[in-house]
Amino acid sequence: MAREQSSITLAPGTATAIPLDGGDEMKITSPQGGQGGDFTFMGFDQALTRNINGWEKFGTVKVTFYADPGMKLYDGDGTPFVEVVEVHSDLRVDIVYPGCWREIYADGRPGCRDLLSEALGVERKQLTGMASFWAECEVDEDGYMFSNLDIQPGDYLVLRAMRPVTLAVSACPDDTLPGIRPANLLVEVSSGEISR
Ligand SMILES: [Zn+2]
C-alpha cells in the first residue's frame with residue numbers, strides 16, 4: 001500500500017495543525033538540537049491523561065509528569081486520541097505545564113498557546129491541554145520546574161493518531177529557558193507508520 005509522507009519546517013515562534021486519520025503517524029525532530037515545543041489537539045485533557053496513565057503505570061492514584069512511549073493522551077471523556085510511540089531523547093514529554101503564552105514575554109511575542117490556538121482556528125481559552133517536548137523537571141514540596149533542557153541534535157518523538165484528530169505543533173518562541181538554542185523543528189507526517 002502506498003504510504004504518503006510529507007514534511008514541514010517550523011521556525012521558532014511558529015505552529016502548524018495537521019489533520020490525521022487513525023493510524024497516521026507524526027514525527028517531530030530537532031535537527032540541530034536546542035529547540036523544543038508543544039503539541040495539542042482539541043479536547044486534550046492533561047489532568048485526566050496524567051491520572052489515567054498513572055493508574056495504568058503504577059496501579060494506584062498517582063499522576064504522571066510525563067507521557068512516555070506506550071502512553072496515550074486522552075480527551076475529557078477518557079477517549080484516547082494520540083499514542084506516544086517513541087521518544088528518542090534523554091528528555092521526555094511533559095504533561096504538567098500548560099505551554100507558554102504572550103503575556104509572559106516582555107516583547108509580547110506569541111507563545112505556544114497563542115500559536116497553537118491560531119493554528120487550530122480556535123480561541124486560546126478553548127485549549128484544554130498541552131504536551132511539552134522535550135523536558136526534564138525537578139520537583140520539591142511546593143512545585144515543579146524545568147531543569148536544564150539539553151535537547152540534542154536529532155532528538156525526535158513519534159506520535160500515532162488513534163482516531164481522526166487534528167494535531168497542532170509549535171516550535172516554542174522561548175529563548176530564555178536553560179539549555180534552549182532557537183532552531184527549526186522538522187514535522188513529518190505519514191499515512192501509516194513513519195520511517196525512522
Ligand atoms: Zn512555548
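Trainee: Which residues of helix α2 are buried?
Mentor: In this predicted model, helix α2 covers residues 112-120. Cys112, Arg113, Asp114, Leu115, Leu116 and Ser117 are buried. The cut-off is 20 or more other C-beta atoms within 10 Å.

Trainee: What covers the buried residues of α2?
Mentor: The cover includes β2, β4 (37-40) and β12.

Trainee: What follows α2?
Mentor: Glycine 121 follows α2, and its phi is positive, near 75°.

Trainee: Why is serine 89 called buried?
Mentor: Set the count against the cut-off. Serine 89 has 21 other C-beta atoms within 10 Å. Buried requires 20 or more, so serine 89 qualifies as buried.

Trainee: Where is serine 89, and which residues does it touch?
Mentor: Serine 89 sits in the loop between β6 (80-88) and β7. Leaving out residues up to four places away in sequence, serine 89 touches Trp134, Ile151, Gln152 and Asp155.

Trainee: Why does glutamate 193 count as partly exposed?
Mentor: Glutamate 193 has 13 C-beta neighbours inside 10 Å. Exposed means 12 or fewer, and buried means 20 or more. The value 13 falls in between, so glutamate 193 is partly exposed.

Trainee: Where does glutamate 193 lie, and how far is it from aspartate 24?
Mentor: Glutamate 193 belongs to the segment after β13 (185-190). In sequence, 169 residues separate it from aspartate 24; in space, the C-alpha to C-alpha distance is 6.6 Å.

Trainee: How do you know that β2 and β12 pair?
Mentor: Count the bridges. Pairing needs at least two. β2 and β12 (residues 165-171) have 7, in the antiparallel sense, so they pair by that rule. One facing couple is alanine 17 with alanine 168 in β12.

Trainee: In what order do the 5 strands of that open sheet run?
Mentor: The order is β2-β12-β4-β8-β7, with antiparallel pairing. From one strand to the next, the twist averages 25°.

Trainee: What makes β2 and β7 edge strands?
Mentor: β2 (14-20) and β7 (92-94) each have a single partner strand, so one side of each lacks a neighbour in the sheet.

Trainee: In what order do the strands of the 6-stranded open sheet run?
Mentor: The order is β1-β13-β3-β11-β6-β5, and the pairing is antiparallel.

Trainee: What makes β3 the partner of β11 and of β13?
Mentor: Bridge counts again. β3 (residues 25-30) is joined to β11 (residues 155-161) by 6 bridges, antiparallel. With β13, β3 has 5 bridges, also antiparallel. Threonine 29 shows both pairings: it stands opposite tyrosine 156 in β11 and opposite leucine 186 in β13.

Trainee: How many bridges join β1 and β13?
Mentor: There are 6, in the antiparallel sense. Serine 6 has valine 189 in β13 as its bridge partner.

Trainee: Which peptide bond is cis, and what is its omega?
Mentor: The bond from phenylalanine 133 to tryptophan 134 is cis, with omega near -10°. Tryptophan 134 lies in β8 (residues 131-135).

Trainee: Which residues touch the most other members of the largest nonpolar core?
Mentor: Val93, Leu157 and Leu167 do, in a core of 49 residues. Beyond four places in sequence, valine 93 contacts Tyr66, Ala67, Val84, Val87, Ala131, Phe133, Trp134 and Leu157. Nonpolar side chains tend to be buried together in soluble globular proteins.

Trainee: How many helices and strands does the protein have, and why is it called as compact as a globular protein of its length?
Mentor: It has 2 helices and 13 strands. The radius of gyration is 16 Å; the globule rule gives 16 Å for 196 residues, so the protein is as compact as a globular protein of that length. The C-alpha trace spans about 50 × 40 × 35 Å along its principal axes.

Conventions. Residues are numbered from 1 along each chain as its sequence is written. This is a predicted model: local features need pLDDT of at least 70, side-chain atom pairs count only at pLDDT 80 or more; totals for chains, interfaces and linings use all residues. Helices (H or I, at least four residues) and strands (E, at least two) are DSSP runs, numbered from the N terminus. Axes are lines fitted to C-alpha atoms, for helices over the stretch in contact, and angles run from 0 to 180 degrees between N-to-C directions. Two residues are in contact if their C-beta atoms, placed from the backbone, lie within 7 Å. A nonpolar core is a set of buried Ala, Val, Leu, Ile, Met, Phe, Trp, Tyr and Cys residues joined through C-beta atoms within 7 Å. The radius of gyration is taken over C-alpha atoms; the globule rule is 2.2 Å times the number of residues to the power 0.38.
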